[in-house]
Amino acid sequence: MARRVGHEAGTRARGAAQEPKALKRALTTPLLYFFILGDVLGAGVYVLVGQVAADAGGAVWVPLVVALLLALLTAASYAELATKYPRAGGASHYATRAFGPFAGFVAGFCMLAAGIVSVAALARGFGGDYLSAFVTLPVALVAVVFLALLALVNVRGIKESTRANVVATVVEVGGLAVVVVLGAWLLLRGDGDLGRLTDLGTPEKGAAAAVLSGSVLAYYSFVGFETSVNVAEETRNPRRSYPRALFGALATAGAVYVLVGLAASAAVPTAQLAGSSGPLLEVVKEAGGVPPKLFSAVALVAVANGALLTGIMSSRLAYGMAKDGLLPGVLTKVLPGRRTPWAAIAVTTGLAMLLALTGSVATLASTLVLLLLVVFLMVNTAVLVLRRDPGEGDHFRTPGVLPVLGIASCVLLATQIEAAVWLRGLAIVAAGVVLAAISVARRSRRTNEGEGRRADVDASRPG
């Protein structure tokens with residue numbers, strides 16, 4: 001009897017030792033707020049205004065407001081699910097609960113693909129024209145070293161990573177504030193044109209079509225909020241902190257974008273803004289008094305910050321999917337002292353390096369939003385399906401109409417994406433579907449084998 005008790009205790013101890021360790025809860029509400037804000041206020045804003053102006057006309061603030069409202073619909077669904085199930089797997093975990101492991105794998109695969117491609121693209125961007133303002137180095141070399149350094153920051157700990165993000169976010173917002181101030185200065189000295197702020201439409205599109213087209217581009221600028229659900233497991237009191245941080249960060253980003261759009265449109269002629277790959281630099285040149293290299297430095301900080309935060313998301317997503325049994329268990333390995341998912345960080349960084357070195361990132365980057373729309377569609381639907389599950393205690397609950405509108409917004413935005421992008425995106429989704437089928441088949445086989453072994457043991461016992 002004593003031996004059996006001892007054996008059972010030893011079995012429990014070994015089982016506990018083999019279970020993945022929980023991640024450290026180190027994120028406060030302010031740190032989470034800056035995490036989300038830094039991820040949304042990425043490098044895209046420094047080129048986005050010109051593209052929106054080309055599609056919508058001088059009133060670039062209108063598509064920005066519309067895009068913010070559309071983003072808030074899906075953000076509300078994320079707020080409910082992240083507080084209901086505070087797990088690192090994010091969208092993959094929600095889809096698994098709502099629709100099973102097959103859908104969970106597809107959602108996670110799309111998020112992983114988008115995240116890894118994004119990090120690789122940002123790494124190449126870091127080694128491109130912005131860095132060339134200071135020094136010229138091979139892009140491939142810069143990308144590899146850049147990604148390795150980001151991985152080290154990520155491994156060091158979520159608290160250290162998000163503290164670095166706070167500094168970088170302040171720099172990003174400071175640079176955008178400079179644009180707003182310079183735009184106001186131009187207007188005060190009589191060089192701007194307020195009439196452009198109500199100019200909607202282009203020679204090819206009427207006002208309504210221009211707003212819709214511009215909103216699709218502007219929506220890109222708000223993508224990033226969804227990555228924050230992957231650190232819910234590392235947030236202190238996520239049920240209270242997450243909604244506040246999420247909606248506060250999106251509201252701040254929206255306000256900053258609208259102010260930047262107003263300043264840039266009033267300060268610079270629409271054609272000049274639309275024709276520039278660095279539209280905010282046009283404001284600096286028009287105003288004078290600020291060295292153009294300043295914005296190259298700010299852009300580098302923005303690129304590095306976006307890559308760091310997306311890298312954190314990718315590694316936590318891989319870790320969460322592995323905990324759900326959708327990816328190999330080795331990805332659940334956690335660094336003993338730091339309690340960070342070092343194996344997931346190493347694998348996702350390695351894949352990003354491979355993409356950055358092959359040069360295929362440019363062809364995949366345009367599929368990011370399409371992949372995320374697939375995920376957003378599943379998340380908005382999952383909210384409705386999981387309403388019958390009470391979840392883990394009290395949580396944020398969004399009005400039922402918002403997920404429905406979120407689904408409609410995903411469909412609407414998807415109809416505006418070009419056919420060539422659809423082909424690339426569908427190829428990636430198809431790869432995810434195949435891998436999902438393999439993963440589910442393996443899990444089913446393991447489950448059946450386990451049940452068969454238990455049946456054999458039961459049959460061998462004396463009656």
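Trainee: Which are the buried residues of helix 5?

Mentor: Keep in mind that this is a predicted model. Helix 5 covers residues 91-99 and is mostly covered, with 7 of its 9 residues buried. Those buried residues are Ala91, Ser92, His93, Tyr94, Ala95, Thr96 and Ala98.

Trainee: What do the buried residues of helix 5 pack against?

Mentor: Let's look around helix 5, where 7 of 9 residues are buried. Those buried residues pack against helix 4 (61-84), helix 6 (101-126), helix 14 (293-323) and helix 17 (368-385).

Trainee: On to helix 8. How many Å apart are its end C-alpha atoms, and what span should its 18 residues have?

Mentor: Helix 8 runs over residues 139-156, and we count 1.5 Å a residue. The expected span is 1.5 Å times one less than the number of residues. That gives 26 Å for helix 8, which agrees with the distance between its end C-alpha atoms, 26 Å.

Trainee: Where on helix 8 do the buried residues sit?

Mentor: The buried ones are Val142, Ala143, Phe146, Leu147, Leu150, Ala151 and Asn154. They cover an arc of only 165° around the axis, so they lie on the same side of helix 8. Turned away from that buried side is a face with the exposed residues Leu149 and Leu152. So the place you asked about is the same side of helix 8.

Trainee: Are helix 8 and helix 15 roughly parallel or roughly antiparallel to each other?

Mentor: Helix 15 is residues 342-358, and helix 8 packs with it at an angle of about 165°, their axes being 10 Å apart. Angles over 145 degrees count as roughly antiparallel. Helix 8 and helix 15 are therefore roughly antiparallel.

Terms used
Residues are numbered from 1 along each chain as its sequence is written. This is a predicted model: local features need pLDDT of at least 70, side-chain atom pairs count only at pLDDT 80 or more; totals for chains, interfaces and linings use all residues. Side-chain values use heavy atoms; hydrogens and water are left out. Helices (H or I, at least four residues) and strands (E, at least two) are DSSP runs, numbered from the N terminus. Buried means under 20% relative accessible area, exposed over 50%, partly exposed in between (1.4 Å probe, protein chains only). The arc is that of the directions from the helix axis to the C-beta atoms. Contact means heavy atoms within 4.5 Å. Axes are lines fitted to C-alpha atoms, for helices over the stretch in contact, and angles run from 0 to 180 degrees between N-to-C directions. Angles under 35 degrees count as roughly parallel, over 145 as roughly antiparallel, 65 to 115 as roughly perpendicular and the rest as oblique.
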